[in-house]
Amino acid sequence: MNNRSMVALFSKRCLVLMVGLIAFFLVMPMAFAAWDGPTNRYNPDGTGQVVGYDTSDCTGANYIILYHGTTYKNLTNWHGGSDGRNFNDRISCIIVGPNTKFEYWQHKDYKGKYGSFNNTSDQIDTKVIDGWWDNSMSSVKVWKQ
Ligand SMILES: [Ca+2]
């Protein structure tokens, strides 16, 4: 390999690296948890997060971010959103992070009726909590799969 082809190879690698870095920083905001202005919602990241909303369309400022590894045995003790109220009997919509499982109970201490939602995809998934479960969750668990 002569000097000219070495320089060409080096330049090509630099270009690939530069394009890769630019792509990374463009995609990064979508890959990680963030407030999204256009959709008026907070999106969970891939570390095992669920965002619980007071509204049934998963929008607005009244939400709570629930994390893998944290104990939510009584949502009365967990406050969030712009109004600072607790999230007992309040969740009406959830956004579930990639490969994340969400389990929920009617009463505190994981008692009463039980339900779960398992997002096995690599994308976030939105689920409206309607019917009987609307405003009825009192304890929850979040699992990164
Ligand atoms: Ca609600």
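Y110 is partly exposed, because 18 other C-beta atoms sit within 10 Å. (A residue counts as buried with 20 or more other C-beta atoms within 10 Å of its own, exposed with 12 or fewer, and partly exposed in between; C-beta atoms are placed from the backbone.) Keep in mind that this is a predicted model: local features need pLDDT of at least 70, side-chain atom pairs count only at pLDDT 80 or more, and totals for chains, interfaces and linings use all residues. Residue numbers start from 1 along each chain as its sequence is written.

**Two loop residues with positive phi**
- Most residues other than glycine have a negative phi.
- Y110 isn't a glycine, yet its phi is positive, near 60 degrees.
- You'll find Y110 in the loop between strand 6 (100–107) and strand 7 (111–119).
- N135, also not a glycine, has a positive phi of about 55 degrees.
- N135 belongs to the loop between strand 8 (125–128) and strand 9 (139–144).
- N135 is partly exposed too, because it has 13 C-beta neighbours inside 10 Å.

**The chain overall**
- The chain has one helix and nine strands; these are DSSP runs numbered from the N terminus (helices are H or I, at least four residues; strands are E, at least two).
- Along the sequence, the pattern reads α-β-β-β-β-β-β-β-β-β.
- Of the 145 residues in the chain, 28% are buried.
- Take the contacts between residues at least 6 apart in sequence: 57% of them join residues at least 24 apart. (Contact means C-beta atoms, placed from the backbone, within 7 Å.)

- Three strands form an open sheet in the order 7-6-9, with antiparallel pairing. (Strands pair if DSSP finds at least two bridges between them.)
- Strand 7 and strand 9 are the edge strands, each pairing on one side only.
- Strand 6 and strand 7 run antiparallel and are joined by seven bridges.
- Y104 stands opposite G115 in strand 7.

**The largest nonpolar core**
- This core holds 24 residues, and those with the most contacts inside it are V50, V51, I94, F102 and V140. (A nonpolar core is a set of buried Ala, Val, Leu, Ile, Met, Phe, Trp, Tyr and Cys residues joined through C-beta atoms within 7 Å.)
- At least two core residues come from each of strand 3 (49–53), strand 4 (63–67), strand 5 (93–96), strand 6 and strand 9.
- Strand 5 gives the most, with four residues.
- Leaving aside neighbours within four places in sequence, I94 touches V50, V51, G52, F102, F117, K127 and I129.

Technical notes
Contact = placed C-beta atoms within 7 Å.
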